Amino acid sequence: MTVYQAIDHGVVADGTTDDTPALNALLDTTVNGDTVVLPANKTVCLKALVYVRKQITITGGRITLQSSSPAFWVRTGGVRFTDIEFVGKGAGTFDGAAVFIRANGTIEAPYKNLRFERLKMTGSPAVCLKIEYAEDVKILDCTGLDFAYAGLLLVSVRDVTVRGCLIGDCTHKQANSYGITVTDTLNTEAARSRDVLIDGNTVRNMRDWAGIDSHGGHNIRVVNNQLYGCAAGIDLVQGDNTRVVPPQRGLIANNYVEWTGANAQRGGIRLFGKDSTVLASGVIANNTVVGYTQPVRAWSYDPTKTVLGQNVML
């Protein structure tokens, strides 16, 4: 295992020179288990896409993204990002491709063992972190602020922990926008997200849409979070009428959800399926919900597999 100092391998890190070619070349020389250290107190400028094809750790430094593409596109499992500050072009104009980190496996071969720790991400014109078709993922103590669409976008994932993150301050009014969202690509049983723990995070100022959301997830557990200024606080929902997979075995517990500062009233906590044949199920208990006209709502759910109780609504 080799530790590479990026500054010694052609990365200038003066904030204006395009460091994309040098960083791509360096990552291509690594082997599984290596570490690449970005220079401290300097700014790496990326004007195109950097591919991560090896099972490596990338750590430290500050990155500014100035392109309409992801900063990093992860093409394998076993990758770790730690202690990096990302600064985007700003959320004023939506640019769907400009994601700080994107990792997407396939339904046949999901990426495994991905780690994202202590990342500071601001100003994405799209999404801070997008993970698709992956298993055994941990997102710990990260910050994602001032984005256009989503802070954390988790798509068709399994066995994921999101803990200790600060997400929010969405300033661009998309048709919908999310702090933390767990969804799927194919709207099928095989593709839906499963076994996701969202624990001990703070989500704030998702004023026009949802703080924490899952469409059709299975065993999505949302516990011990604090949400402020979100039009919709926590949603475990079916989604629109085109969807066929309902949320099942969800858990929403011990959260504090306060509406103050949001632009719309969409509900504090919601659980619902599609209709009487496609039913949701889960537990909503021991939450405190403040300021919503509809604090806790559930419909199209299986009453034999659902518990609603001991929530404080102020």
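Modeller: On a 1 Å grid over the protein atoms alone, a pocket is an open set of points with protein on both sides within 12 Å along at least five of seven lines, whereas a cavity is a set where a 1.4 Å probe fits but cannot get out; lining residues have an atom within 4 Å of a point. This is a predicted model, in which local features need pLDDT of at least 70 and side-chain atom pairs count only at pLDDT 80 or more, while totals for chains, interfaces and linings use all residues. Residues are numbered from 1 along each chain as its sequence is written, and side-chain values use heavy atoms, with hydrogens and water left out.

Biologist: Which residues lie nearest the centre of the largest pocket, and how many residues line it?

Modeller: Rolling a probe the size of a water molecule over the atoms shows where empty space is left. Here the largest pocket has a lining of 13 residues, and W209, D235, V237, R270 and F272 lie nearest its centre. Two or more lining residues come from each of β21 (210-215), β24 (232-237) and β27 (267-272), where strands are DSSP runs of E of at least two residues, numbered from the N terminus.

Biologist: How many residues of that lining are nonpolar, polar and charged?

Modeller: The lining divides into 6 nonpolar, 2 polar and 5 charged residues, with Asp, Glu, Lys and Arg counted as charged, Ala, Val, Leu, Ile, Met, Phe, Trp, Tyr, Cys and Pro as nonpolar, and the others, Gly among them, as polar.

Biologist: What joins the side chains of D235 and R270?

Modeller: They meet in a salt bridge, at 2.8 Å from N to O, the criterion being a side-chain nitrogen of Lys or Arg within 4 Å of a carboxyl oxygen of Asp or Glu. Because D235 lies in strand β24 and R270 in strand β27, the pair ties together parts that are 35 residues apart in sequence. D235 is buried at 4% relative accessible area, and R270 also counts as buried, at 18%; buried means under 20%, exposed over 50% and partly exposed in between, with a 1.4 Å probe and protein chains only.

Biologist: How many salt bridges does a search of the whole structure find?

Modeller: The search finds 14. One of them joins E117 to R80, with the closest N and O atoms 2.8 Å apart. E117 lies in strand β12 and R80 in strand β9, so this pair links parts 37 residues apart in sequence. E117 counts as buried at 12% relative accessibility, whereas R80 counts as partly exposed at 31%.

Methods:
Helices (H or I, at least four residues) and strands (E, at least two) are DSSP runs, numbered from the N terminus.
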